[in-house]
Amino acid sequence: MLEPRRRSLRPPAQRGSSRHEPTDAALPAGEELRQAILAKLTYTVGRDTTTARGHDWLAATVLAVRDRIIDRWMESSRATQELGRKQVYYLSLEFLVGRLLFEALGNLGLIEEARQALKDLGLDLDELRCTEPDAALGNGGLGRLAACFMESLASLGIPAFGYGIRYDYGLFRQVITEGWQNELPEDWLASGNPWEFERPEIVYPIHFGGSVELAPGEGGLIRHMWHPGETVLALAYDTPIVGWRGRHVNTLRLWAARAADPLHLDAFNQGDYVGALAHRARAEAISRILYPSDATPAGQELRLRQEYFFTSASLQDLVRRHLRQHGNLRTLAEHASIQLNDTHPAIAVAELMRLLVDEHGLGWDEAWSITTNTLNYTNHTLLPEALETWPVAMMERLLPRHMQIIYLINWLHLEALSERTGPLDERTIAAISLIDETQGRRVRMGHLAFLGARRVNGVSALHTDLMRQTVFRDLHALYPEKIVNKTNGITFRRWLHQANPTLTRLLIDTLGEGMLDDPEALRQLERFASDPAFQEEFAKQRQANKTALARLVAERVEVSIDPSALFDVHIKRIHEYKRQLLNILETVALYRAMKADPDLDWTPRVKIFAGKAAASYRQAKLIIKLANDVARVVNNDSEIRDRLKVVFLPNYNVSLAEAIIPAADLSEQISTAGMEASGTGNMKLALNGALTIGTLDGANIEIAEQVGDDHIFIFGLRAEEVEERLRRGAHAPVTIASSPRLADALEAIGSGLFSPEEPDRFRPLIDELSHRDRFMVTADFDAYWEAQRRVDERWEEPRTWWRSSVLNTARVGWFSSDRTIREYAEEIWQVPVGVG
């Protein structure tokens with residue numbers, strides 16, 4: 001529990017008159033903020049300094065800092081309206097913002113002032129920031145990208161709203177019990193969220209079910225009247241997102257689901273207390289958790305309800321705002337650009353058409369023109385299971401009017417193509433139709449987003465090329481101008497300046513403060529890459545971060561690790577295509593090799609894993625169990641003499657990433673080629689000087705181009721080779737037979753070496769690898785092993801290693817999300833960059 005070190009402090013108004021209080025003009029550094037914190041503690045939190053606990057001090061500090069944002073927030077909003085600037089609306093099911101206090105202080109230039117203010121109160125800023133819970137608003141790269149983009153939009157002065165869901169419990173809090181993942185609610189709102197503003201006056205009705213009535217309209221046209229069977233209310237909560245130097249502030253607006261009638265009083269008075277609240281529980285389930293399991297029909301329905309809920313609320317909100325400012329929806333595309341972050345908000349195509357046609361009386365053709373000039377779509381995956389489709393029957397039941405609109409969009413789309421190109425054959429119709437007739441009739445949400453968008457973008461050069469060649473091949477042939485590339489980026493302010501202050505101080509001392517404003521200024525670091533004195537300082541900051549991480553590992557999982565060992569880091573969502581299993585297999589093979597030849601001069605290595613598996617993803621959860629079982633055996637084997645350690649850190653989130661990334665020596669980016677859209681963890685780790693071991697997948701290709709082939713460890717099949725092997729079928733038995741080391745590792749796992757109490761525990765993993773191996777784990781194993789031995793050789797040559805490490809930091813400035821957002825602004829959204 002965080003408590004002030006000097007318990008005698010009282011708010012200024014309670015002090016004796018003998019002490020002189022300086023005037024505002026003469027306040028020393030931090031004094032104004034100190035007084036503001038005390039005032040918030042007393043008059044808003046309702047505590048004094050003798051009873052306040054850690055979360056009380058956090059709330060008071062956040063509220064004091066938030067006050068310094070509000071004026072800038074309102075000024076930014078006024079300037080946008082007065083200048084009539086075009087706004088960006090970013091719709092995302094995830095916003096993985098993490099902790100906000102340090103980011104806000106950093107962007108406002110208040111870190112040292114806050115540090116002094118809290119010190120004067122007997123508090124430590126670094127301890128206080130750790131009491132802030134991570135906002136449970138996302139899971140992985142999709143949500144973290146959205147958070148980086150929101151910060152860059154504000155930093156570049158582009159007016160924007162982020163729209164998402166205010167989840168009560170997020171995805172889940174991961175607890176590891178005897179090596180198994182268990183899921184508990186992530187109760188991040190237990191002490192409230194001092195950053196947000198509830199907006200009870202901003203509420204929109206979200207309709208589900210019911211029927212659609214046809215009625216005569218103006219000019220002899222048919223009017224569609226939706227009579228919903230259920231209405232849920234969307235309540236707005238706003239969080240200000242402050243940009244660099246505090247020059248511009250945007251809004252993250254999240255929606256909470258509420259029942260239209262909170263209580264059925266008749267049922268309650270009849271003694272049915274549970275039944276009286278059943279409809280409320282059903283409504284509020286929409287914003288309870290992120291990604292409810294879709295293993296059941298009820299889970300699938302809840303996911304669709306979530307996606308429509310936040311999309312409809314967001315579109316109603318931005319339409320209302322546009323009408324208030326501009327008075328005419330015919331100019332919507334001139335003043336608004338809507339970005340759909342992945343396929344989750346793809347229902348926006350049908351919903352915007354419904355609003356324009358049914359609610360505001362526009363003709364179909366005019367409404368379609370507005371829609372297709374306002375919406376844009378970012379695709380993040382080529383995996384069929386992640387490219388959402390919904391059963392037609394469920395769509396017709398939950399969203400009957402939208403299903404009518406989708407049918408009409410599809411019919412007009414096919415008719416227009418037939419007129420343009422001649423009669424369409426069955427194969428072409430099957431490929432480009434919005435309705436997939438081969439899987440029990442399902443709506444292809446990716447296809448819907450593609451047709452309704454002005455631009456469709458991939459998130460790395462390879463991913464964009466593969467989009468054109470695979471999932472959207474036929475649509476791309478018909479609309480070749482739609483697909484463009486926008487390689488992802490990260491905000492350096494979060495992932496360097498704030499996450500790694502020791503490295504940042506070294507860079508400022510070496511390059512000057514200009515590097516804080518211009519990521520490309522890091523290029524100047526190249527001339528120091530071979531300088532022994534600079535290498536020594538660079539290595540020192542890494543060692544300090546590794547020592548700090550070693551303490552964290554000891555606290556959380558009670559494993560002692562050596563900070564001088566090579567820290568080999570694999571931190572990301574647990575999924576078969578991300579191939580944590582390949583890393584574990586290499587770990588087992590390395591362990592077996594050490595056991596066979598213990599006197600060899602092995603490179604000391606710590607394997608660090610972190611990540612969550614979806615609650616219903618059995619194979620991924622089994623991989624987590626395998627990692628923990630391997631760790632148990634390896635870490636307790638005295639014969640290895642601590643030269644190999646394995647750690648699985650539970651409950652991976654933004655704050656844990658901020659502790660791991662600055663301490664990483666090696667960055668594991670080993671996904672199956674052609675399956676990772678981009679990745680952003682690869683960028684964060686390279687920025688902090690970690691060397692990448694990876695496949696030619698996602699943004700790894702562009703990282704290799706930037707840092708140079710000599711400073712990255714590339715291995716494995718290329719995307720086209722993976723595709724060819726998948727086309728040919730089974731390959732694993734031959735591959736395993738030709739690799740004694742791989743066969744031995746599989747035998748060790750399959751025989752129960754790491755699970756003697758249950759020898760067949762990992763049989764599902766072994767069977768998958770031995771027969772199908774869809775993710776090319778066995779195919780890439782030997783190449784991965786050889787790449788890891790090249791890593792060992794480089795590590796044993798410190799000057800060569802640190803030169804490569806420095807060059808990684810120096811050459812990744814291009815991966816700033818500021819660059820990415822500039823490209824979106826200029827080429828997709830058509831909005832100017834600059835603080836207004």
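Author: Below we go through some labels for this predicted model and check what stands behind each.

Reader: How do you know how far to trust the prediction?

Author: Look at pLDDT, the predictor's confidence in each residue, which runs from 0 to 100. The chain averages 94, and 97% of the residues score at least 70. Residues 5-24 are another matter: pLDDT stays under 50 there. The model does have 29 contacts for that stretch beyond four places in sequence. Still, where pLDDT is low, the predicted coordinates should not be read in detail.

Reader: What is the chain built from, and what makes it count as compact?

Author: There are 33 helices and 22 strands. The radius of gyration is 28 Å, and the globule rule gives 28 Å for 836 residues, so the chain is as compact as a globular protein of that length. Along its principal axes, the C-alpha trace spans about 90 × 85 × 65 Å.

Reader: How do you know how much of the chain is buried?

Author: A residue is buried if its relative accessible area is under 20%. Of the 836 residues, 61% count as buried. Contacts tell you something else: among those between residues at least 6 apart in sequence, 77% join residues at least 24 apart.

Reader: Why is Met 776 called buried?

Author: Its relative accessibility is 0%, and the cut-off is under 20%, so Met 776 counts as buried. You'll find Met 776 in the loop between helix H30 (763-771) and helix H31 (777-795). Leaving aside neighbours within four places in sequence, Met 776 has contacts that include Arg 579, Leu 717 and His 731. Thr 672 is another of its contacts. Met 776 and Thr 672 are 104 residues apart in sequence, yet their C-alpha atoms are 6.6 Å apart in space.

Reader: And what makes His 476 buried?

Author: His 476 has a relative accessible area of 17%, which is under 20%, so it is buried. His 476 sits in helix H18 (residues 473-478). Not counting residues up to four places away in sequence, His 476 touches Phe 450, Arg 468 and Ile 483.

Reader: What makes helix H6 largely enclosed?

Author: Count its residues: 14 of the 15 in H6 are buried, so the rest of the structure largely encloses this helix. H6 covers residues 141-155 and reaches 21 Å from its first C-alpha to its last, close to the 21 Å expected at 1.5 Å a residue. Just after H6, Gly 157 takes a positive phi of about 70°.

Reader: How do you know that both faces of strand S1 are covered?

Author: In a regular strand the side chains alternate between the two faces of the sheet. In S1, Gln 87, Tyr 89 and Leu 91 are on one side, Val 88 and Tyr 90 are on the other, and all are buried.

Reader: How do you know which strands S1 pairs with?

Author: Two strands pair if there are at least two bridges between them. S1 and strand S10 (residues 336-341) have five, in the parallel sense. S1 and strand S2 (residues 160-165) have four, also in the parallel sense. For instance, Tyr 89 has Ile 338 in S10 as its bridge partner, while Val 88 has Ala 160 in S2.

Reader: Why are S19 and S22 said to stand at the edges?

Author: Their open sheet has six strands in the order S19-S18-S17-S20-S21-S22, with parallel pairing. Strand S19 (644-649) and strand S22 (713-714) each have a single partner strand, so one side of each is left without a neighbour in the sheet. S19 pairs with strand S18 (residues 605-610) over six bridges, and Lys 607 has Val 646 in S19 as its bridge partner.

Reader: What about the sheet holding S12, S14 and S13?

Author: That open sheet runs S12-S14-S13, with antiparallel pairing. Strand S12 (389-391) and strand S13 (435-436) each have a single partner strand, so both stand at the edges. Two bridges join S13 to strand S14 (residues 442-444), which meets the cut-off of at least two. In S14, Arg 442 is the bridge partner of Asp 436.

Methods. Residues are numbered from 1 along each chain as its sequence is written. This is a predicted model: local features need pLDDT of at least 70, side-chain atom pairs count only at pLDDT 80 or more; totals for chains, interfaces and linings use all residues. Side-chain values use heavy atoms; hydrogens and water are left out. Buried means under 20% relative accessible area, exposed over 50%, partly exposed in between (1.4 Å probe, protein chains only). Contact means heavy atoms within 4.5 Å. The radius of gyration is taken over C-alpha atoms; the globule rule is 2.2 Å times the number of residues to the power 0.38. The expected span of a helix is 1.5 Å times one less than its number of residues.
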